[in-house]
Amino acid sequence: PLAKIEDIVFGGWDAYKDNAYEAAVKAGVLEKPLLDAIKPELSAIVPMSAVFDKRYVKNITGDNIKSAPTKMDLANELIKDIETFKAKNNCSRLVMVWCGSTEVYIEESAVPASLSAFEKGLKENDLSIPPSMIYAYAAIKCGVPYANGAPNLSCDVPALIELSKKTNTPI
């Protein structure tokens, strides 16, 4: 059976500290009276600090950004966020939908061609691994189904397809 709306919990990461209501009002995508009708629910959604790198999204400068020595460390922080969110909210299952800003175009390279090369690239901060791929890696590593909602290569590379098969995680 489908989950009841009361049983669904929303969360996520953002480069800005605004809660979901504040972010939606600033974005102006929906009319304010519509947002005001669900203000308490939206205001309760406070973003976790994001994996963000200005080299991949040039027009954003955020203040809610994770900092770590390597991209693998950032992936591990996302994995910890996923595990904490699931436990804190008593979730039986999760789904991640990437709906971040469009990243700069990246040519496919040898790094995302295999899981072992990709994990080595995470440890070595390889530039061919943008934030969207770090999120995809963390989700798939946790067995969380992942959907790419932006025109980026995120889960759409051989390494992450390999990981999804290894963890039996839909992408």
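Reply: The side chains of Glu 119 and Tyr 137 make a polar contact at 2.6 Å. The model is predicted, so local features need pLDDT of at least 70 and side-chain atom pairs count only at pLDDT 80 or more, while totals for chains, interfaces and linings use all residues. Residues are numbered from 1 along each chain as its sequence is written, and side-chain values use heavy atoms, with hydrogens and water left out.

Me: What makes the pair Glu 119 and Tyr 137 a polar contact?

Reply: A polar contact is a pair of N or O atoms within 3.5 Å; within protein, one must be able to donate a hydrogen and the other to accept it, and residues adjacent in sequence count only if both atoms are side-chain atoms. The side chains of Glu 119 and Tyr 137 are listed at 2.6 Å.

Me: Why is helix α6 called largely enclosed?

Reply: Buried means under 20% relative accessible area (1.4 Å probe, protein chains only). In α6 (residues 131-141), 10 of the 11 residues are buried, so the rest of the structure largely encloses this helix. Among the elements covering its buried residues are α4 (71-88) and α5 (115-123).

Me: Why are α6 and α7 called roughly parallel?

Reply: Angles under 35 degrees count as roughly parallel. The two helices pack at about 15°, with axes 9 Å apart, and α6 and α7 are therefore roughly parallel. Their contact (heavy atoms within 4.5 Å) includes Met 133 of α6 and Leu 160 of α7.

How values were computed:
Buried means under 20% relative accessible area, exposed over 50%, partly exposed in between (1.4 Å probe, protein chains only). Helices (H or I, at least four residues) and strands (E, at least two) are DSSP runs, numbered from the N terminus. Axes are lines fitted to C-alpha atoms, for helices over the stretch in contact, and angles run from 0 to 180 degrees between N-to-C directions. Angles under 35 degrees count as roughly parallel, over 145 as roughly antiparallel, 65 to 115 as roughly perpendicular and the rest as oblique.
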